[in-house]
Every structure is written in structure tokens, then in C-alpha cells.
Amino acid sequence: MTPASLFPFEPTVRIGLCENEPFGLAPHGKYSVEAAENQVFYLPLHADSFMEVKGLEIGRGFHWSQRRDLRFPGVIRLERDNDRSRLLNIVKAEEYLKMVVGSEMNPLAPPELIKAHAIISRSWLMRQLMRGGKSQRQAADTNPFIRYTESDAHIGYDVCNDDHCQRYQGLDAVTETSSAAVEATRGIVLTDVSSGSITDARFSKCCGGKSEIYSTCWGDKDFDSLQSVDDPYCAPDRLHRHDVSRLLKDYDALTDDYYRWRRVVPAALIAANIRNMFGVDVGGVISMKALRRGPSGRISLLKISGTDSEIEIGKELTIRRVLSDSHLYSSAFDIEKTDDGFTLTGHGWGHGVGLCQIGAAVMAAEGYSHEQILSHYYRNTQLSKLYD
Ligand SMILES: [Zn+2]
Ligand SMILES: [Zn+2]
């Protein structure tokens, strides 16, 4: 079946707002309230009715997490059974995308960048809806220390409201530019030319000069659309030709070491992380060697040798976690032994597969269209309209 035949009309999206967390509900405008077994539905009677959800947590699990009062259009569904509760919001796909794009993007960013992001967000959303809540966990690997998650699904709803899926902060996040970008690209997704399926449009903060392929980070397969491409756009000297505060949403948190960086990692931290994550004691860590690297230089298999034993770990994100107390910027680094640890000299921020967010922002600032930005990072793809 072609993607367009799966979505002949604009679909609705079930967003999980919170599970087993406290919150308050304040309806604004007219609603009809219907109770069914363990469920309460709040159905808006006017297009401008909205529900204020008080004290909703955003940024869960991050140091900047906070509680906010947020406003949502559409249907609100409250589910309770025994001592569990779940709050869902149900809206049309395009409405969801306006709020997501507004939550993720700087409203002053070039319109072509916001359009490219709208198409990526829509492609991601349609793939989530097609999966219908099934997780794609890693296939069994002969090495139990090679770990990754291809994509994580929720049970009982399509997407959550946080960074785990895409940031969804309700009506207050909608901007004129996010609405315009979503409307200009209505129903359009990226598809792979060879298979006709919706592109798995991955993206990360900064590729570091060359993008990475899928198999370095996830399963042992690769796609025509996710090839390694040279990226001259994300270098700091190129970025700083433009007004960075307009291009990127979190520009104030951005230092130039996103592109080239250096970290000192104590040997004791590595040994402790291996013990905690894998239950293996390697003793004192003596050496580390990259056994396999992807085309961007990101390591997908790393051998760590200790006084007692050695271990081979992968893939990209697992390596970043083992070598840091949260996670390392990327797994593209050279290793130098020091007295009590290692100095890592690295490049890039994130997995580096697909679109490079900083590079795409610079391309848009330099006048490239959203079609040109998308075809630079996603090769052998085209734009396809799913519904009108
Ligand atoms: Zn999620
Ligand atoms: Zn890049």
C-alpha cells in the first residue's frame, strides 16, 4: 500500500499528556462531558474552546524540567483504572504539527527552515501512526553489549508531549510562522524514491562536517535516503556569518564546541559505567580501541580492555553513555591515554544521521529552499502529498 492510500484524509493524533502525575483541568469555553467506563471525555462544543491543564511537567528527565499551565484544543480524555491515570489530548494531525513546530523552532528562523522542519515532523508523525503503538526493539545480537533502540512506541496513544517524541506545548506555542509553514506544506511528507515508503527522516544537532549512516547507530541495515553526505554548512565560521539568535531556538545554550570538542574521561568512571550498565567487571581500564567506525567517524564498536577482562560495546548511543556521566556529544572521537584516564578529541553533536539541524539552519539563512535543504540531507527522496 502506498502512504497516500493509508492516509486518504487528515488523521487524528492521540497525544499522551501525562501518566500517573498530578495535574488540574480548567475548561475554557463550552464542553460536553461524557463519562464511560474508567474514562471521562471532554468534547469541545466550539472551535475556540480549550482546556487548560495546570501543572503539567515538561522536559521530563532533563535538568531543565519544570511544571507549566498549558492550553490544548480538541478532545481531552482522562483514563483511570485502579490507581493509574492517564491524560490524553486528541487533535487533527495538522493542528498537532502547528503546535509541535512552534514548540521546536525559533519563530524568527527563516521560513524555509521551518517548512523543512514541518515536513520532517509530519513524516515522523505518519510513521508513528502507521506503527500503531508497536515498539521496534533491537534484533537479537550475538554480542549482548551491542545495544540500541530503533524507535520507541507508546502503548494506548500515538505520541507523548515531550522530547522523547516531539515537544508539544499547546496553543501558546503556536506562532504565525509555525502556522504558515504547516499550512504551506499541508499533507506533504518525504518519501524514499526506491521503496515509495515514508522516509525515516532522522535528524540531529550537528553532524560535524559529514553525516552518518543508519547502521552505525541502529540495526544492521541502511537506506538510500540516509546516506553519508559532506556538510560544509554546520561549521562555526559559516554559522557565525548569520544572526545565530534568529536561526536556532536554544542558541544561548550553544557554544562552538558543538563542532570540535575535547573531553577528559577518568578510567574509574568508565569501569563504573560498564559495571552498572552490563554487570561486568573489567578491573582498571587500560586501553580503548575503535573496532568499527561509520563514514562520519562515529564509532559503532569499541573495545575496552581492563586489568581483569575486556568488553566490546556498541552502538553509537551506548558508547556515548559508557564514556560519560550523562552522554558524550557524539561517538566520533580519537582516543589518547593519559595517567588516570583518556582524552577524547571529537566532532559533532548527536548521532549525525539524516538532517543536521545547524547545517540546515545555515542553508536556509543562505537562501536555499526547503526542497533543497531536504534533498541535501535525504538523498533519493521526493515530496509526496498524502491528503488535501
Ligand atoms: Zn514519546
Ligand atoms: Zn552538519
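First, some ground rules. This is a predicted model, in which local features need pLDDT of at least 70 and side-chain atom pairs count only at pLDDT 80 or more, while totals for chains, interfaces and linings use all residues. Residues are numbered from 1 along each chain as its sequence is written, chains are lettered from A and ligands numbered from 1 in the order in which they are written, and side-chain values use heavy atoms, with hydrogens and water left out.

Start with the zinc ion (ligand 1). Which residues hold on to it? Its protein donors are His-154 (NE2), Cys-160 (SG), His-164 (ND1) and Cys-165 (SG), at 2.0 to 2.3 Å. A donor here is an N, O or S atom within 2.8 Å of the metal (3.2 Å for Na, K and Ca), and since water is not among the atoms, sites may look incomplete. Along the chain, these donors follow the spacing H-x5-C-x3-H-C. The angles among the four donor atoms run from 104 to 118 degrees, and the site is tetrahedral (for four donors, that means all angles lie between 85 and 135 degrees). Buried means under 20% relative accessible area, exposed means over 50%, and partly exposed is in between, using a 1.4 Å probe and protein chains only.

Next comes the zinc ion (ligand 2). Cys-207 (SG), Asp-231 (OD), Cys-234 (SG) and Cys-356 (SG) coordinate this ion at 2.1 to 2.4 Å. Why is the arrangement called tetrahedral? Because the four donor atoms subtend angles of 101 to 121 degrees. The donor residues are spaced C-x23-D-x2-C-x121-C in sequence.

On to the sheets. Strands of a sheet pair through backbone hydrogen bonds, either parallel or antiparallel. Three strands make an open sheet in the order 2-5-6, with antiparallel pairing; two strands count as paired if DSSP finds at least two bridges between them. At the edges are strand 2 (24–28) and strand 6 (66–72), each pairing on one side only. From one strand to the next, the twist averages 25 degrees. Strand 5 (residues 50–58) pairs with strand 6 over six bridges, and there you can find Leu-56 opposite Arg-68.

Another open sheet of three strands has the order 14-19-18, also with antiparallel pairing. Strand 14 (260–266) and strand 18 (333–337) each have a single partner strand, so one side of each has no neighbour in the sheet. Strand 14 and strand 19 (residues 341–347) are joined by seven bridges, and Arg-260 has His-347 as its bridge partner. Helix 8 (residues 267–278) lies across strand 14 and strand 19, at about 75 degrees to strand 14. Such angles run from 0 to 180 degrees between N-to-C directions, with axes fitted to C-alpha atoms, for helices over the stretch in contact.

Now follow strand 16 (residues 299–306), where seven of the eight residues are buried. Seven bridges tie this strand to strand 15 (residues 285–293), running antiparallel. In their hairpin, five residues lie between the strands, and Gly-297 takes a positive phi near 100 degrees. Strand 16 also joins strand 17 (residues 310–313) through a hairpin of three residues.

Finally, zoom in on two residues. Ser-123 is in helix 3 (residues 111–131) and is buried, with 0% relative accessible area. Where does its side chain reach? The side chain of Ser-123 reaches the backbone nitrogen of Leu-190 at 3.1 Å, although Ser-123 and Leu-190 are 67 residues apart in sequence. Thr-318, in helix 9 (residues 316–322), is buried at 7%. Leaving out residues up to four places away in sequence, Thr-318 touches Phe-145, Arg-147, Met-277 and Phe-278, where contact means heavy atoms within 4.5 Å.

Notes. Helices (H or I, at least four residues) and strands (E, at least two) are DSSP runs, numbered from the N terminus. A polar contact is a pair of N or O atoms within 3.5 Å; within protein, one must be able to donate a hydrogen and the other to accept it, and residues adjacent in sequence count only if both atoms are side-chain atoms. Four donors count as tetrahedral if all angles lie between 85 and 135 degrees; four count as square planar and six as octahedral if opposite donors are over 155 degrees apart and all others between 65 and 115; anything else is irregular.
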